[in-house]
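Hello,

I am handing over a structure for you to look at. Please open it below, then read on for what was found in it.

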Amino acid sequence: MSLINYSSKEITCKIVYYGPGRCGKTTNLQYIYSKIPDIKRSSMVSLATEKDRTLFFDFLPLELGDIAGYKTRVQLYTVPGQVFYNSTRKLVLQGADGIVFVADSQVDLWQENLESLANLRDNLGILGMDINKVPMVMQYNKRDMPNIVPVAEMDHALNSRKVPHYQAVATTGAGVFDTLKAVSALVLQSLSAKYRR
């Protein structure tokens, strides 16, 4: 849920990158962080397990400029991909204004994508959120790898809502900012409609 600070005239939105383990969620945030000028970002916090996987979250507030006199900021989070961190996934997901579902394009990891999407739907339901109403973007990552699933097939199986989708190679930055811009625009549209009532 977005936070509005009336005294400082600031709106803070939360966007969560969700997906199976090692699909590239953290790589997305690391690339974004590396390209944002210091003045536009704060420190990124990344906690990892012994196996060097994301344990908790990455946190990256970005300033987007002013809207109606309010400064807007976006906080980016990733969830741990491993199933045994599901309670942490739910904590990070709580209050999300928008979601990027990062799917791994490799054929061998197809089942993990399906399971992670089902897990996202379940966790949103537990939190009282509807996956069909949350601003969301799909990212089909690792398009540079051999033996990948065709985009049309991924979109058919994973994107029943027909939300915007982007091909990406997060390690090179391809598609990373397209994804971020799309989900940010959807979040701002949603907030604008919500507070206009």
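**Helix 2 and helix 3**

Helix 2 crosses helix 3 in a right-handed way. A crossing is right-handed if the near helix is turned clockwise from the far one by less than a right angle, and left-handed if anticlockwise. Helices (H or I, at least four residues) and strands (E, at least two) are DSSP runs, numbered from the N terminus.

Before going further, note the basis. This is a predicted model, where local features need pLDDT of at least 70 and side-chain atom pairs count only at pLDDT 80 or more, while totals for chains, interfaces and linings use all residues. Residues are numbered from 1 along each chain as its sequence is written, and side-chain values use heavy atoms, with hydrogens and water left out.

Helix 2 covers residues 86-93. Helix 2 and helix 3 pack at an angle of about 60°, and their axes are 10 Å apart. Axes are lines fitted to C-alpha atoms, for helices over the stretch in contact, and angles run from 0 to 180 degrees between N-to-C directions. Helix 2 is therefore oblique to helix 3. The cut-offs: under 35 degrees is roughly parallel, over 145 roughly antiparallel, 65 to 115 roughly perpendicular, and the rest oblique.

Which residues meet here? From helix 2 come Asn-86, Arg-89, Lys-90 and Leu-93. From helix 3 come Asn-119, Leu-120, Asn-123, Leu-124 and Ile-126. Contact means heavy atoms within 4.5 Å. The residues of this contact divide into 4 nonpolar, 3 polar and 2 charged. Ala, Val, Leu, Ile, Met, Phe, Trp, Tyr, Cys and Pro count as nonpolar; Asp, Glu, Lys and Arg count as charged; the others, Gly among them, are polar.

**Helix 3 and helix 4**

Helix 3 (residues 110-126) also packs with helix 4 (residues 151-158). The angle is about 30°, and the axes are 11 Å apart. Helix 3 and helix 4 are therefore roughly parallel to each other. Their crossing is right-handed. Helix 3 contributes Trp-110, Asn-113, Leu-114 and Leu-117 to the contact. Helix 4 contributes Glu-153, Met-154, Ala-157 and Leu-158. By class, the residues of this contact are 6 nonpolar, 1 polar and 1 charged.

**Around helix 3**

Gly-125 sits in helix 3. Gly-125 is partly exposed, at 47% relative accessibility. Buried means under 20% relative accessible area, exposed over 50%, and partly exposed in between (1.4 Å probe, protein chains only). Gly-125 and Tyr-140 are 15 residues apart along the chain, and their C-alpha atoms are separated by 24 Å.

Next, look at the loop between helix 3 and strand 6 (136-141), where Ile-131 is found. Ile-131 is buried, with a relative accessible area of 9%. Leaving aside neighbours within four places in sequence, Ile-131 is in contact with Leu-117, Leu-120, Arg-121, Leu-124, Met-136 and Arg-161. Ile-131 and Leu-120 are 11 residues apart in sequence, and their C-alpha atoms are 8.0 Å apart in space.

Val-176 belongs to helix 5 (residues 176-196). Val-176 is buried, at 0% relative accessible area. Which residues does Val-176 contact, leaving aside neighbours within four places in sequence? They are Asn-28, Tyr-31, Ile-32, Gln-139 and Ala-170. Val-176 and Arg-143 are 33 residues apart in sequence and 12 Å apart in space, C-alpha to C-alpha.

**Positive phi in two loops**

Arg-22 is not a glycine, yet has a positive phi of about 60°. Arg-22 lies in the loop between strand 2 (10-18) and helix 1 (25-35). Arg-22 is partly exposed, with a relative accessible area of 47%.

Lys-162 is in the loop between helix 4 and strand 7 (165-167). Phi of Lys-162 is positive too, near 60°, in a residue other than glycine. Is Lys-162 buried or exposed? Lys-162 counts as exposed, at 55% relative accessibility.

**Cysteines**

How many disulfides does the structure hold? The count is 0, a disulfide being a pair of cysteine sulfur atoms within 2.5 Å. Cys-13 is buried, with a relative accessible area of 1%. Cys-23 is buried, also with a relative accessible area of 1%.

Best wishes
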